[in-house]
Amino acid sequence: PLPSLRGKKVVIDAGHGGKDPGARGVSRLQEKTIVLLIATHVGRLLQHREASVTWTRTTDRFLELDERAAIASRTRTDLFVSIHADSAPRKSASGATVYTCRGASSQSTTAAWYIRRALTQAGIECRAGKPSNFRVLVAHPRPAVLVECGFLTNAGDAAKLNTQAYRSRIAAAIARGIA
């Protein structure tokens with residue numbers, strides 16, 4: 001059983017949205033739709049653990065990267081989690097990846113480690129993520145991770161991300177790692 005998250009604040013950021021569809025590939029659904037569905041589920045699972053959850057978006061709307069980061073600062077979140085789906089020139093690239101920024105806080109690196117572990121334990125392929133200075137990770141001082149849930153340019157990953165069952169599985173793993 002996972003511990004209660006009462007008193008903990010988590011910001012869940014569903015990447016892209018509105019005019020920005022996100023990564024393109026062989027997926028029937030656009031990245032912005034896939035990650036919104038996953039992010040919504042992650043947040044609900046965290047709320048069941050009594051966390052205070054703020055979503056950067058709950059509908060198909062566009063937010064600038066700095067607006068997303070400002071939400072993390074404004075809420076003084078304990079953890080900012082940005083959820084995405086990846087693309088790559090190599091169609092064979094597959095699996096989830098969890099990123100922190102260069103020089104990340106110990107809270108960020110610990111959260112990334114636990115999320116990677118939870119994904120792996122759920123049977124989800126998880127690649128080692130190099131530190132990357134994505135704007136949503138560095139434009140605020142709060143602990144933060146970015147989770148790429150798979151590659152939309154990989155037929156296998158795209159097919160899985162287009163199913164509700166797999167999105168639920170990856171959301172549950174992310175939530176378990178956060179907890």
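At what angle do helix α3 (residues 106-121) and α6 pack, and how far apart are their axes?

1. The angle is about 140°, and the axes of α3 and α6 lie 7 Å apart. Axes here are lines fitted to C-alpha atoms, for helices over the stretch in contact, with angles from 0 to 180 degrees between N-to-C directions. The angle makes α3 oblique to α6; under 35 degrees counts as roughly parallel, over 145 as roughly antiparallel, 65 to 115 as roughly perpendicular and the rest as oblique.

2. A word on the source: this is a predicted model, in which local features need pLDDT of at least 70 and side-chain atom pairs count only at pLDDT 80 or more, while totals for chains, interfaces and linings use all residues. Residues are numbered from 1 along each chain as its sequence is written, and side-chain values use heavy atoms, with hydrogens and water left out. Helices (H or I, at least four residues) and strands (E, at least two) are DSSP runs, numbered from the N terminus.

3. On the α3 side, Y114, I115, A118 and L119 meet I170, A173, I174, R176, G177 and I178 of α6, where contact means heavy atoms within 4.5 Å. This contact divides into 8 nonpolar, 1 polar and 1 charged residues. Ala, Val, Leu, Ile, Met, Phe, Trp, Tyr, Cys and Pro count as nonpolar, Asp, Glu, Lys and Arg as charged, and the others, Gly among them, as polar.

4. The α1 residues involved are I34, L37, I38, H41, V42, L45 and L46, and among their partners in α6 are R167, S168 and I170.

5. For the 18 residues of α1 (residues 31-48) that gives 26 Å, and the end C-alpha atoms are 26 Å apart, which agrees. Just after α1, E50 takes a positive phi of about 75°.

6. Buried residues of α6 include Y166, I170, I174 and I178 (buried means under 20% relative accessible area, exposed over 50%, partly exposed in between, with a 1.4 Å probe and protein chains only). The buried residues of α6 pack against β1, α1, β3, α3, β6 and α5. Q164, also in helix α6, counts as exposed at 54% relative accessibility.

7. Two further residues deserve a look. D13 is found in strand β1 and counts as buried at 1% relative accessibility; leaving aside neighbours within four places in sequence, its contacts include R68, F80 and H84. R76 sits in the loop between α2 (65-75) and β3 and counts as exposed at 55%. Not counting residues up to four places away in sequence, R76 touches K9 and R142.

How values were computed
The expected span of a helix is 1.5 Å times one less than its number of residues.
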